Amino acid sequence: MAGGTMKIQLVFLLTSLLALSSSVMLVHGEDPYLFFTWKVTYGTASPLGHPQQVILVNGLFPGPVLNSTTNNNIVLNVFNHLDEPLLLTWNGVQERRNSWADGTPGTQCPIPPGTNYTYHFQMKDQIGSYYYYPTLGLQRAAGGFGGITINSRPLIPVPYDRPEEEYTVLIFDWYTQNHKDLQKILDSGKGLDRPNGVLINGKTAKGDGKDKPMFMMKPGKTYKYRICNVGMRETLNFRIQDHRMKLVELEGSHPMQNFYDSLDVHVGQCYAVLVTADNKEHTDYVMLASTRNIHTNPHDKDAAVLTGKAIIRYVGGHGAPSPKLPPAPTDIQWSVDQVRSFRWNLSANAARPNIQGSYKYGQIQIARTIKLVNTVEKVKNKLRYAINGVSHVDPETPLKLAEYFGVANKVFKYNIITDNPPAKIAKIIEAPNVINITYRSFVEIVFENHEDTMQSFNLDGYAFFVVGMEPGVWSPDKRKSYNLVDAVSRHTVPVFPNHWTAILLTFDNVGMWNLRSEMAEHRYLGLQLYISILSDSAQFRDEYSLPEWQLLCGIVKNLPRPKP
């Protein structure tokens with residue numbers, strides 16, 4: 001224990017000494033440490049042709065890619081130069097034993113304006129494509145996000161040849177309104193209108209031959225594109241003119257390597273694909289991301305399709321791209337079938353030396369089934385979204401801190417929702433929504449979406465197996481249709497309109513973990529909850545102690561810190 005404390009103190013000292021550098025690596029006898037300094041500021045950009053305020057990270061929109069390797073220790077000093085509090089979350093990074101660094105309002109106190117906070121976390125036993133973003137209010141609508149890459153260690157093979165180069169591609173819907181004005185609309189009780197456009201890495205091209213290329217490819221070479229939908233609400237169909245994509249990774253899993261002409265990327269999801277520059281015509285080609293309008297309401301389905309574009313240029317090539325652009329699919333079933341087509345590569349390695357298929361999730365007995373039904377209605381004349389009848393509200397004291405300091409009963413109540421809600425929710429109540437799940441239990445979670453709009457749910461701290469999805473209402477006999485052999489493991493899952501989706505996972509990561517809708521409007525208006533995983537032993541091997549540098553607020557601000 002003393003050695004661990006000394007190590008943490010050493011890291012904290014080194015962080016202070018290196019605060020003026022943006023990125024430094026220090027190699028210990030253990031896993032390497034990567035040191036970063038990020039300055040978060042406002043800036044002005046014109047992504048849709050009109051100047052507007054955006055949130056920059058180190059002067060960039062989107063922010064810099066956080067590039068790392070499996071098991072790297074990240075020490076990231078964030079300076080908040082905004083005029084409002086700030087938190088960053090690392091979407092998909094599991095933060096093993098360390099929900100202290102998860103960056104959600106239920107786990108951390110916000111970073112006040114004009115101050116800084118240092119995140120410490122490890123890319124423990126992970127590879128893959130992820131991203132970070134601000135979690136407070138609707139700051140995400142202004143930017144502050146960027147890609148995260150966790151590379152495989154040199155000794156762990158990946159099931160494809162090394163590409164010529166890798167590119168991060170962030171696709172997202174975009175509003176021209178200020179994020180604070182959007183938040184005021186929601187606070188007034190109304191919902192948001194549709195976005196104004198779609199961007200690729202913060203820009204969109206015209207495709208008239210005058211655009212500068214965003215990506216370059218050498219003829220005959222193969223490139224890796226890491227694609228994440230970091231937007232507010234819209235499923236986006238991603239495709240590249242006259243090029244097929246081989247899917248090689250999704251959120252840390254190696255799937256069977258099928259070719260796709262286009263991919264539906266739901267909000268919060270990430271994919272990695274290989275693209276070969278094998279066209280005879282060495283001209284420009286258009287990369288597209290367009291809204292899918294996945295609704296069962298006929299009026300919504302007729303909404304105009306919004307499309308963002310970027311230019312890929314062959315090295316040495318000349319000529320404008322062809323005006324004939326590949327269309328996106330138009331029906332829901334196409335998207336459902338695509339999600340079902342993803343299969344785990346059982347013979348491939350991921351972050352560990354053992355192959356993915358060595359984990360037989362389908363042979364584990366289910367200890368608990370939790371059904372989560374999302375609803376929406378007016379509460380006190382204001383729009384609210386809820387899970388099992390409870391619309392989550394963040395208290396002033398973060399849930400994790402209240403629990404750790406032993407004052408949870410003064411901040412929230414556990415388990416105010418049931419595992420099997422009634423067919424019709426009587427009314428929505430507003431309260432912190434926290435459930436307990438037993439440490440190391442194997443749990444089945446079923447999402448039921450009774451609305452005519454798309455949902456996309458993310459669970460922090462974990463990856464889970466997506467074993468089934470169908471239209472209608474779930475019942476135990478639906479387990480007969482589960483994929484218990486090669487379902488993919490990921491952290492974000494779509495739930496289609498009037499469909500259910502089932503996932504399986506072992507809750508083996510102690511902490512307080514956010515399960516949320518990745519639709520920013522829905523999350524802000526209550527469509528989220530927290531899952532508390534506690535260890536009876538309260539040992540350092542199960543969970544890190546409260547960091548000495550952790551910010552305190554609410555009713556724990558002046559309380560003595562518990563012993564480690």
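Reply: A close view of one residue

Lys309 belongs to strand 20, which covers residues 307-314; strands here are DSSP runs of E with at least two residues, helices are runs of H or I with at least four, and both are numbered from the N terminus. The model is predicted, so local features need pLDDT of at least 70 and side-chain atom pairs count only at pLDDT 80 or more, whereas totals for chains, interfaces and linings use all residues. Residues are numbered from 1 along each chain as its sequence is written, and side-chain values use heavy atoms, with hydrogens and water left out.

Is Lys309 buried, exposed or partly exposed? Its relative accessible area is 22%, which makes Lys309 partly exposed (buried means under 20%, exposed over 50%, and partly exposed in between, with a 1.4 Å probe and protein chains only). Apart from neighbours within four places in sequence, the residues in contact with Lys309 are Ile200, Lys203, Thr204, Ala205, Lys206, Val286, Met287 and Leu325, where contact means heavy atoms within 4.5 Å. One of these residues, Lys206, is 103 residues away along the chain, yet the two C-alpha atoms are separated by 7.1 Å.

Along the principal axes, the C-alpha atoms fill a box of roughly 70 × 60 × 50 Å. Of the 564 residues, 58% count as buried.

Among the strands, strand 21 (residues 368-379) pairs with strand 26 (residues 442-449) in the parallel sense over 7 bridges; two strands pair if DSSP finds at least two bridges between them. Within this pairing, Lys371 has Val446 of strand 26 as its bridge partner. Strand 21 also runs antiparallel to strand 22 (residues 382-387), to which 6 bridges join it. There, Val379 is bridged to Lys382 of strand 22. The hairpin of strand 21 and strand 22 has 2 residues between the strands, and in it Lys380 takes a positive phi near 55°.

Two further residues have a positive phi. Asp125 is not a glycine, yet its phi is about 50°. Asp125 lies in the loop between strand 7 (116-122) and strand 8 (128-134) and is partly exposed, with a relative accessible area of 25%. Glu251, likewise not a glycine, has a positive phi of about 50° and is found in the loop between strand 15 (245-249) and strand 16 (259-260). With a relative accessible area of 3%, Glu251 is buried.

The backbone also holds a cis peptide bond from Phe61 to Pro62, with omega near -10°. Pro62 is placed in the loop between strand 3 (52-57) and strand 4 (66-69).
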